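Have a look first, then we'll go question by question.

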Amino acid sequence: MMDVKIIIKILCLFACLHQRFAECKKEHDSAFDAGLNDAPNFKESKPVKYLLYNVNPGEGFNLRRDVYIRVANLVKLLNDDEPWALVLPPWGRIYHWQTREISQVKLPWSLFFDLDSLRRHIPVLEFEEFLAVSKEPVIDEVYYLQRYKEGWKTWAEKMDIRDCLEKHGYTKGKDNHWHHWFFGYGDEVYAKKFECMSYMGHAGFIKPFLMHNTSDSRSVFLDRAESLIHGQYSEWSPLYWSGRRSMVYAKHLRDIGDNFREKYLGSTDKKDKTELDDWTKMNKKHGDAKGGPYLAIHLRRKDYLYAHGNEIPSIQHVPGKVKPILKKHKLKKIFVATDAPDEEFEYLKQEFGDKVKVYRFKPTPEEHEKYKDGGVAIIDQWICAHARFFIGSYVSTFSFRIQEEREILGFEPEMTFNRLCNDDSETCEQPSKWTIKY
Ligand code: GFB
């Protein structure tokens with residue numbers, strides 16, 4: 001039997017969409033509040049349409065979160081004209097999630113994010129909820145976004161239905177349906193139509209196509225949605241930040257991070273001025289947050305050593321570079337978020353000596369099974385986000401998401417946008433300061 005909570009959420013979602021999303025900014029419960037004397041406020045209602053998407057399988061967790069913002073803001077724009085809901089692509093098969101003992105496919109977004117917060121930005125539903133409200137497990141149209149075969153000389157927004165450069169695992173069955181992995185649901189889910197679209201443009205550029213060329217369909221799937229670039233919804237725009245701010249981490253993960261902060265790092269929201277509110281009401285200024293009495297560092301290792309080894313320090317050089325910063329900010333505790341093997345972490349602990357305490361978050365096997373690699377990564381990010389001073393890894397999207405979280409919490413940019421230089425350099429270009437816009 002379907003979970004009662006899911007049914008209530010879906011009913012609420014429909015109630016909201018029926019009144020058109022732009023007018024429906026109240027809490028979900030208010031859908032049941034209409035009194036007899038309330039004047040009806042309905043415009044012509046159109047049936048809700050569902051946008052689904054996926055990202056290049058090689059992309060990591062934190063770039064995927066950036067693509068979510070682009071697609072979410074596309075849905076926001078669509079809702080100015082007609083009701084669309086975004087179907088959240090289940091997490092799974094992510095290259096970096098290598099803990100083989102635990103199952104990491106078909107993971108719902110609620111494992112990592114607070115869905116009520118996402119819904120204060122746009123209407124979203126989990127893939128399983130989409131299946132639950134569908135008569136059949138069918139996606140009406142799939143568009144695979146691809147490059148232009150001939151390349152391009154000057155950048156101009158354009159889109160064209162073209163022959164597929166590759167089929168990327170989409171096959172047409174004898175039943176005339178298109179089959180694909182579809183997040184692990186490929187045994188049941190199929191598509192009626194599959195086409196490739198050469199695409200060069202911002203996320204909003206595809207809106208007229210979705211409105212006018214897919215009007216007979218209920219669901220449209222955009223594969224390789226990272227091709228929709230930010231453009232006017234980039235890190236410099238308030239809309240980017242609304243999408244980003246709505247991506248509040250799931251409470252169970254925040255709680256674990258908060259307990260760790262309190263227990264080992266002497267850090268609480270009250271003392272550190274990092275209290276959280278409904279994101280739509282938050283408007284923190286730089287310097288409002290003080291942060292816990294520790295320095296946090298994100299030390300990206302593993303495949304990063306091959307990709308960006310020239311830009312990051314060896315583990316042996318880390319203590320020498322961090323000690324002067326600890327001294328400057330009078331800090332004696334370090335929190336390390338890292339994908340490094342245990343030996344490297346133990347080495348760091350030893351090298352910092354007795355006067356500096358070095359911590360990392362290590363889940364128990366049960367916690368790991370429950371929260372998955374993605375949840376453990378978020379706990380690390382949450383703890384880093386609350387430190388007095390943060391040092392990230394060169395161009396790591398994992399570090400970028402921490403920097404954004406610190407912008408939301410109200411830290412001074414100087415305490416956030418930092419990285420360590422390589423072994424041979426004392427100075428190097430520091431991260432761009434992508435400061436929050438309200
Ligand atoms: O998130 P992500 O795309 O960031 O990929 P980058 C890094 C993944 O490694 C995370 C794990 O999703 C985590 O699963 N990871 C990295 C960590 N650092 C930590 C950490 O401090 N704590 C925990 N718990 N997990 C890019 C990739 O990674 O790096 C590209 O997106 C490519 O595909 C490139 O591999 C070299 O932006 O850092």
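Predicted model: local features only at pLDDT ≥ 70, side-chain atom pairs only at ≥ 80, totals over all residues.

Q: What is the volume of the second largest cavity?
A: Its lining includes Ile297, His298, Arg300 and Tyr394. A cavity here is a set of points, on a 1 Å grid over the protein atoms alone, where a 1.4 Å probe fits but cannot get out, and lining residues have an atom within 4 Å of a point. Points are joined across faces, edges and corners, and the volume is the space filled by probe spheres set on them. For the second largest cavity that gives about 70 Å³.

Q: Which elements give two or more residues to the lining of the largest cavity?
A: The largest cavity has a volume of about 90 Å³, and its lining has 8 nonpolar, no polar and 4 charged residues. Among the lining residues are Arg244, Arg245, Glu405 and Ile408. Helices (H or I, at least four residues) and strands (E, at least two) are DSSP runs numbered from the N terminus. The elements asked for are α6 (238-245) and α13.

Q: Which element gives the largest share of the lining of the largest pocket?
A: A pocket is an open set of grid points with protein on both sides within 12 Å along at least five of seven lines. The largest one holds about 1000 Å³ of space, and of its 39 lining residues the closest to its centre are His96, Lys302, Thr338, Asp339 and Phe398. By class, the lining has 17 nonpolar, 12 polar and 10 charged residues. The largest share, 5 residues, comes from α12.

Q: How many residues apart are Arg300 and Asp339?
A: Their side chains form a salt bridge at 2.7 Å, N to O, the term meaning a side-chain nitrogen of Lys or Arg within 4 Å of a carboxyl oxygen of Asp or Glu. Arg300 sits in the loop between β11 (292-299) and α9, and Asp339 in the loop between β12 and α11 (342-352). The pair links distant parts of the chain, 39 residues apart.

Q: Is Arg300 buried or exposed?
A: Buried means under 20% relative accessible area, exposed over 50%, and partly exposed in between (1.4 Å probe, protein chains only). Asp303, which also meets Arg300 in a salt bridge (2.9 Å, N to O), is partly exposed at 25%. Asp339 is partly exposed too, at 22%. Because the relative accessible area of Arg300 is 12%, this residue is buried.

Q: What is the relative accessibility of Arg261?
A: Arg261 and Asp269 meet through their side chains in a salt bridge of 2.9 Å, N to O. Arg261 counts as buried because its relative accessibility is 0%.

Note on methods
Residues numbered from 1 in each chain as written. Heavy atoms only, no water. Nonpolar A, V, L, I, M, F, W, Y, C, P; charged D, E, K, R; others polar.
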